[in-house]
Amino acid sequence: MSNITAGKAAGAPPDRSVELTTRRRFLDYLLGTSALATLAAIVYPIIRFMAPPHIVEAMQNSVVAAKLSELPPNSAKIFKFGSKPGILIRTASGELKAFSAVCTHLDCIVQYRPETKQIWCACHNGQYNLNGENIGGPPPRPLEPYPVNKRGDDIVVNRA
Amino acid sequence: MTVDTVKSWLDERLSISALGQMAQKKEVPLHRQSIWYYFGGMTLFLFVVQVVTGILLLLYYRPSAENAFESVQFIMTEVKFGWLIRSIHSWSANLMILTLFIHMFSVYFMRAYDRPREVTWVSGVVLLFLSICFGFSGYLLPWNEVSFFATKVGTEIAGVVPVVGKTMLRFLRGGDEVTGATLTRFFGFHVAVLPAMATVFIGLHVLLVQLHGMHVPARYQQNYRRMRFFPNFFMRDLIGWLLAIGVLAALAAIFPWELGVKADPFAPAPAGIKPEWYFLFMFQTLKYIPAKILIFDGEVIGILTFMRAGAALFIVPFINRSPDYYPRRRMVFNVLGGIALLFIAVMTVIGYLA
Amino acid sequence: MITKIATLLLFSGGVLWFAACSLAAQQKSSCIECHSKLEGELGDPARSIKNDVHLSRGLSCNDCHGGDPTKDDKDAAKDRSKGYLGRPRTVDIPAFCGKCHNDASFMKKFNPALRVDQEKEYSTSVHGSLLKAGNTKVATCISCHGVHGIRAVNDALSSVYPLNVAETCSKCHSDATRMAEFKIPTNQYAQYKTSVHAKALYEKQDLSAPTCNDCHGNHGAAPPGIASVANVCGQCHARQAELFQASVHKAAFDNQGFGECIKCHSNHGIAAPTDQLIGTGEHSICVSCHKPGEQGFVVAGELSGRIDGLLARIEKSHQILDRAERAGMEVSRPKFELREAIDGVTHARVLIHTSSTAEVDKVVAPAVSVADKTYQAGVDALAELKIRRKGLVVSLVFILFLAGLVYLKLREIERREPARQTQ
């Protein structure tokens, strides 16, 4: 890789020093800019990496399921908890309850029925009370409950 | 405020001009085998890449059995360029060990450990073992199925050593089994203990190289040219490092490092579990050793043999003295080295094909 | 010394008195005393009564059979003029038990929640009507409940505990010789054991799973009428029964005596239904009635086509999302949304019972669009991967360009100041 010529033979060549200087300056300029560009290309991902991402935590241990102002009493909302559905219910008396929305029978998504004030699964008529306990139909186990907290207007559901 | 004012300000306080003079004087010998001189610097460069990407990963990684896998998944999917940083870290680890082996073998065959460079060699062997420990401890950190079982098997093997084996196993695992305690412990080794030790030994190693300069093999002693380190050799180094960055980026994008499935301590080991390639030759050899040799357990003999070979590495400069006095010894050592290289290569290939 | 003897005497006296009292507290029962000394059939009642729920409630032999248990003399104890009934005839057994079990005010003392119409129900049953006609080979109270060691229904050792009911029924109903005169099959128990209901009951220990009495009734045991099968199954399978009863099949099946649900699902050996039961394939039930060219055949094909099509789309989505995830892309939201499509399949499988393609489409169409949306998300994720690779190639070009420039710079430097020779 090394180019180590001892020097040109005698018999002076034409003076190319100006040409060489401009070439050299051009080379230096290119070198400088592309070095800077490469440095930027390395530093940019690092800076983006260090900036906190959109979802700040891996485990998704808690999520803002809804806003109090958007959830009237005796109604419910299905929300995303990681990749599993959850159901958040505001009872007629104003209490907040949250459960896994996966029916323990055959994994359908349950819903809230304001008329009967029960959680209902449309697939095979499974019924759960407001404690998540299975009280009718095929479901063999209660729905997993999640602790709910309020943070201002936000309703925060945590993993158990 | 000119460059010169800054320079003289710094020089008065940090003596940088003395450093600058030393740097100007630094030279690299040029001969047929000069190409091997690049590999030490390349290993160092890849180590720096590891430190930088490792520190970045530290910002998001969580060292507990419940969270480790998810945190790595998080890095791969949610963090911007997380996939790039993580894949580079994993690939660069392997590349570094490869260049380390090449560096070590080239030093061995060129007898660069000859007087006065024995301590450089010893510090280098220490760095070899530190790097292997880095690799072994880092491998567990994603807490996936493959790494869990590789760690189980690896620490099991450590436990087989007579007398101290059981204690070593418990020390490594943080208990009797591989659990979250092992993960936390390995994490501590990987990000604190080993880097501290590596800093000391790299510092020593590089310092000694500056002190003694580059070794020139006997046959070129009378006939070699020299090149200045700054800027000539350094710029060549730079080209090599740039190409290494390119290779790493290519590997990260084309062969992204897999995450696999989360470790389940109660699931049976998946079939065909293999350690990383730099352990493969030992793993494969152990498979071939018969269960019993005379009255001794075959596996124990195998492990002890490898340990003795490792220990022997340390004393190479002290037994392979100058060929002027012991000419035949040089050939013996070359042959031994060649056999070792061949053995490692063949066993690694067999390990992969099996 | 004297005080010691006195204390001892007093103490033992007290013990003896206490024992005598407890012995007296146990009512004297000459029935049990005598009969337990007898061997075989005459002695068994006295031995097995120990486990009887009636005995544990304070009732004894005389409460059913009459007689006087305080009398040691056989004739005095078993005096017919004084109310001794002896062993009842088979035809009289229901009334015998009904003496107490029909009396609400009497039963209230022991279990206020227990029904008091078992004898009335029994008379409506096949067993009851045959018994009234004079056939004594049919089941009566004691055939199922036992006679002297009768346990409560919720006692796990009882012959009528849910886990034991089918076996109790099969004692007669699987006996081919015994059943010959009644001309009914004897394979029900064997078939039932292969069913999903048996699996739920015996393997999963789900006591709410149906056994013989849940569909046939226990005291009023009779097969449900062919036009009421859906009502019986609908006790648990409410939605399917409701949909079936509103569909065209109800009238058609009832007219042809098909037994509603049983036609497709069988009655005793009910297996878990698969998607192959509908449609026009070889395992399909539809084609046993509907021939090619008929409207029914067409609809059968449409229904199974809808479900199979949806399942295929879901599988495709699943695969591409898994691929994207393995390659490091974030796809938890599409995976979450895919669940809705899977829900659609479950709904569709229930809506089959309407035999109406339009009804099934109501759930399949949105599910299909969800599956398609999530598939697209997977495609997008993989496209993002390609972008990364392109980005890489671009950066590689830059890196190589820079490396080239450094090389040129090096050459230029060395042209000006070549490396030195030495020695």
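In chain A, strand E10 (residues 148–151) and strand E11 (residues 154–158) pair in the antiparallel sense over four bridges. Strands, here, are DSSP runs of E with at least two residues, helices are DSSP runs of H or I with at least four, and both are numbered from the N terminus; two strands pair if DSSP finds at least two bridges between them. The model is a predicted one, in which local features need pLDDT of at least 70 and side-chain atom pairs count only at pLDDT 80 or more, while totals for chains, interfaces and linings use all residues. Residues are numbered from 1 along each chain as its sequence is written, and chains are lettered from A and ligands numbered from 1 in the order in which they are written.

E2(A) is joined by seven bridges to the antiparallel strand E3 (residues 84–90) of chain A. One residue pair to locate is Phe81(A) and its bridge partner in E3(A), Lys84(A).

How confident is the predictor in chain A? Its mean pLDDT (the predictor's confidence in each residue, from 0 to 100) is 83, and 87% of its residues reach 70 or more. Over residues 1–9 of chain A, pLDDT stays under 50. Where pLDDT is low, the predicted coordinates should not be read in detail.

In chain C, helix H21 (residues 295–326) and helix H22 (residues 332–351) pack at an angle of about 160 degrees, with their axes 10 Å apart. Axes are lines fitted to C-alpha atoms, for helices over the stretch in contact, and angles run from 0 to 180 degrees between N-to-C directions. H21(C) and H22(C) are therefore roughly antiparallel to each other, a term for angles over 145 degrees.

Finally, chain C touches chain B through 24 residues of chain C and 26 residues of chain B, where two residues are in contact if their C-beta atoms, placed from the backbone, lie within 7 Å.

Technical notes: Parallel < 35°, antiparallel > 145°, perpendicular 65-115°, else oblique.
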